[in-house]
Structure formats: C-alpha cells, structure tokens
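Look at the interface before turning to the single residue.

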2 protein chains.
Amino acid sequence: MRIKLNVEYDGTNYVGWQRQKNGTSVQQMLEDAFFAASGQRVGITGAGRTDAGVHAQGQAAHLDTDTTIPPEKLSFAMNAHLPADIKVTNSQEAGGDFHARYGAVAKTYIYTYYNAQHSSAIYRNTTAHVRGEIDVGAMKQAAQHITGTHDFLSFCASGSEVNTTTRTVYRLDIVREKPFLRIEITGSGFLYNMVRIIAGTLLDAGKGKIAADDVKKIIEGRDRSLASPTAPARGLVMKQVYYDDAEF
Amino acid sequence: MRIKLNVEYDGTNYVGWQRQKNGTSVQQMLEDAFFAASGQRVGITGAGRTDAGVHAQGQAAHLDTDTTIPPEKLSFAMNAHLPADIKVTNSQEAGGDFHARYGAVAKTYIYTYYNAQHSSAIYRNTTAHVRGEIDVGAMKQAAQHITGTHDFLSFCASGSEVNTTTRTVYRLDIVREKPFLRIEITGSGFLYNMVRIIAGTLLDAGKGKIAADDVKKIIEGRDRSLASPTAPARGLVMKQVYYDDAEF
C-alpha cells in the first residue's frame, strides 16, 4: 500500500530534507519515526529536497508499507515519535502510481524578508533581515520578467546536474505587510537554489542596485554570475506541492 | 538621562520578564547587555511583567544613565551583547518624567491559537494548539461582554495583590486566518493572567462548552473558578504599549 504524507517542519536544526552523513535530516527523522510506530524500515521519498535551514509547511512524501496502522492514523502514530519541530500534518492512502517527486505538477515557495532596523527575535529563524528602504514597485516590475517559461540557468547554483534548466513560473507575487516582505512563487519546478537566487535578485531590484529591466538581461545571459547572491536559507518555506493541474 | 527602550523577545527560553533566582529573565539579559555596552550597572524597568514563555513584540522599558553612547545608538550597542531571541528594536531619550510602567495608558496583547488536527512545527513556540470546530461567531458574541469597564476579578489568577480589579477593555477582536485564530485585546491594563484566562474562556465559548451569554455571569460572579482554565503562555504576545491616549 502506498501512503502519501504531508509534512511541516522548522528546518533550523536539520541538515535539510535529504539523509546525509554530516547531521540529522528530516527524511531520516521521518523514516525513524515510521519504524518506531510500525516496526518497518521503509524509504520515504519527498517531493523536493529542501536545504539546511529551509522550512516546509506543505512538503509531500510517499512510502510503501503493509503496516496494519490505518493510513489516516499514521500521522498521529508518527508524530508520537517525532520532535516538536517536525509534524506529519496528514497521511492518506494514495494510488500505487502516486509519486511524490515525479507526480508533482507545481510547487509554491514563500520567501520572507524582515525589513527593519534590527533583525527579529521572534522570527529570527523564519525570515532574512534586510535594512533600509525597499521599492516594492521596482520588485514587482522585475518579477514580471521572471514569470513565464524561461531557461533559468542564471538562477541555478553551479554544479547542479539537470537535463534542462527551462522551467515555468506561473505566479510571482510580492506582498508587503510591514515589517515583512514576502515573495510568493509558484512554478512547474525549481532548480537548485533557484527561489533563493530569485529572492536575492528581486531584493537588489527593490534596493535599486539593479534596474527592473536588468532581470531580462540576466535571464538571457544564461550565466549564474549575472544574478544576485543567494538569499539566506532561513527565509524560505516550501508552502505547497500540487499533483493536479486544477489545484492551482 | 532617561532612556526609553522598545524590546522584542521570544520568551520560550526565559523565566519571564522579571529577574528571578530560578533562571534567566529578559530583564537580566538586558541589564547585562547594557553593562557590557556601557560599563554601567543600571536597573531596567519594564511596562509589564510577562510570564515564562510569553513573548513581546513591543515591550517598553526605561533606564537612567549618563553613558556617552548616543540614545539612538544604544539599541545597536545592546544588541551586540544580546542573544538572537532578544532585540532592542528602538532606543531614544525620554523626558525625566517618563515611566515605562506607570506612564502606560494602554496595552495591546495578541493571543494566537493554532486550530488544526496536529500542532504546528514552525509555530510551536508562538501558538497554542486546539483541535476541532470553533464557532468564531460565538466567540465574538462572548467578547462583547468583556469589552468595557468591569471588575475582572474572575479573570485574575488568585493570589495576586492589586488595589483594584477593575479594568477597561477598549477593543477585543477575534480574527480567523486558518489555521490561526487570533484574539487581539487592548485595555487600560491587565490583571495577572487576565489575557490568558480571557483567551481560555473565549475558546470555551467557541467550542460550545459555555454559552456566549455565560460570560456576563462569569464577570458578575467575581470568582476565578467561574472562568475557564488559563490558556498556555506560548500563545501570548505583548504587542504594544501606549503612553499617549491619541495613539490607540
């Protein structure tokens, strides 16, 4: 039986989603919790691999099991063995052809800046601090160049191995609720560090370091060095994963 | 010279605002940071004493000093010696008659419930988890009995010593942004645990455990045992302190 999980986590204390030798990953915590609950060792496949310090409200994952725990009770059974910074928010039976990674048709990420004189105490792990005036209009103008289907090679961390660097950004909204400044982005898929490089580049447009129209040239240049620095991991949340075109 | 500070903190790791023997308080951290920055030992007086686990976005405080550090630079100087979960968000010179506690004419607190099947990983320290259906309309009706000037003895933790238990609640709003349910309350002042007991009582109204009109009887009964249990500390944030009637 294939089970779909929805997972929320505060990524602050983890090396990221994926199992690694140098620290504790969210994937490992979930696999260990499933073992503690069911006595079965299974692999859990996530929709996307979030980096160290990146959070998720709607990570999706799947696993195969013949446990007698009813699918919808599995979230409770696993949460009993998980620390407070990881929660299985939903568990349900999925069709045998459901695949958390390959079945995803779109994802939404949210990047949050905290725009104030001092960084935030309460939101220290979930926002990136930025001082000074930010021109949200300029950010919105810059964002218009990013929506649509493009080769996003300039927004991809070097060294990543992918077949194609073409992706489609369906929506890109800039929402200001002082002192928060949120970048909400929905796309067919994202290259390694793509959202954080977009966040860094849009911020530079907002700070007047680049013109809004420069973003067009950055995309056309197909060179990572043209775009701005990668924004810090802590400001990023994987908000939702979509498996049905009608959903988003 | 008297200095006014605004302070934000995540109260999770502290015994509360006030200095205590059994652990680290926010007040102590601020006094130590001021000493580290200026070489002067001063007492810092807060607008209100938040409990262990309670947070603040807009705690206000004052201190007297003859330091040569310019008042508006003091926030930076102190933050250099504070952990990431405490921030002085603003520092400025105040008149000699300014008093953070006695000068406060009103305060706003926000209490946040997280209404979902499972508690939140990301918001685990800043929300109180509650399962099941909540009737926001019933909460709003119940809230109408609380606004205004009343003897709030029923909403005061027993053992507190105060001259009068009469307070005025100027505003009380219930805001639902699923899965969050926020209670925003502004009053002339609050008795010990008053906001958390109001939050617990309004929740019981929302869950149908009590009728909205029971709140009127609870107030008139002047007996703590009539009101609902105190809601957990982690859901409470001291949002703002007002020193001028025109401000709120």
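A polar contact is a pair of N or O atoms within 3.5 Å; within protein, one atom must be able to donate a hydrogen and the other to accept it. The model is predicted. Between chain B and chain A, 14 residue pairs are in polar contact, both residues at pLDDT 80 or more.

**Interface extent**
- Contact joins 26 residues of chain B to 26 residues of chain A.
- The two chains bury about 2,000 Å² between them. Carbon and sulfur atoms carry 58% of that area.
- His118(B), Ile122(B) and Arg124(B) supply 32% of the area that chain B buries against chain A.

**Charged pairs**
- Two salt bridges are counted between chain B and chain A.
- Asp10(B) and Arg124(A) meet through their side chains in a salt bridge, at 3.1 Å from N to O.

**Make-up of the chain B side**
- Elements giving two or more residues to the side that touches chain A are β1 (2–9), β3 (55–64), α2 (74–79) and β4 (86–94) of chain B.
- β4(B) gives the most, with four residues.
- By class, this side of chain B has ten nonpolar, ten polar and six charged residues.

**Glu31(B)**
- Glu31(B) lies in helix α1 (residues 26–38) of chain B.
- Its relative accessible area is 6%, so Glu31(B) counts as buried, the cut-off being under 20%.
- The Glu31(B) side chain makes a polar contact with the side chain of Arg19(B), at 2.7 Å.
- Leaving aside neighbours within four places in sequence, Glu31(B) is in contact with Arg19(B), Arg41(B), Val42(B), Gly43(B) and Ile44(B).

Technical notes
Residues numbered from 1 in each chain as written. Chains lettered and ligands numbered in written order. Predicted model: local features only at pLDDT ≥ 70, side-chain atom pairs only at ≥ 80, totals over all residues. Heavy atoms only, no water. Buried < 20%, exposed > 50% of the residue type's maximum accessible area, 1.4 Å probe, protein only. Contact = heavy atoms within 4.5 Å. Buried area = accessible area lost by both parts, 1.4 Å probe. Salt bridge = Lys/Arg side-chain N within 4 Å of Asp/Glu carboxyl O. Nonpolar A, V, L, I, M, F, W, Y, C, P; charged D, E, K, R; others polar.
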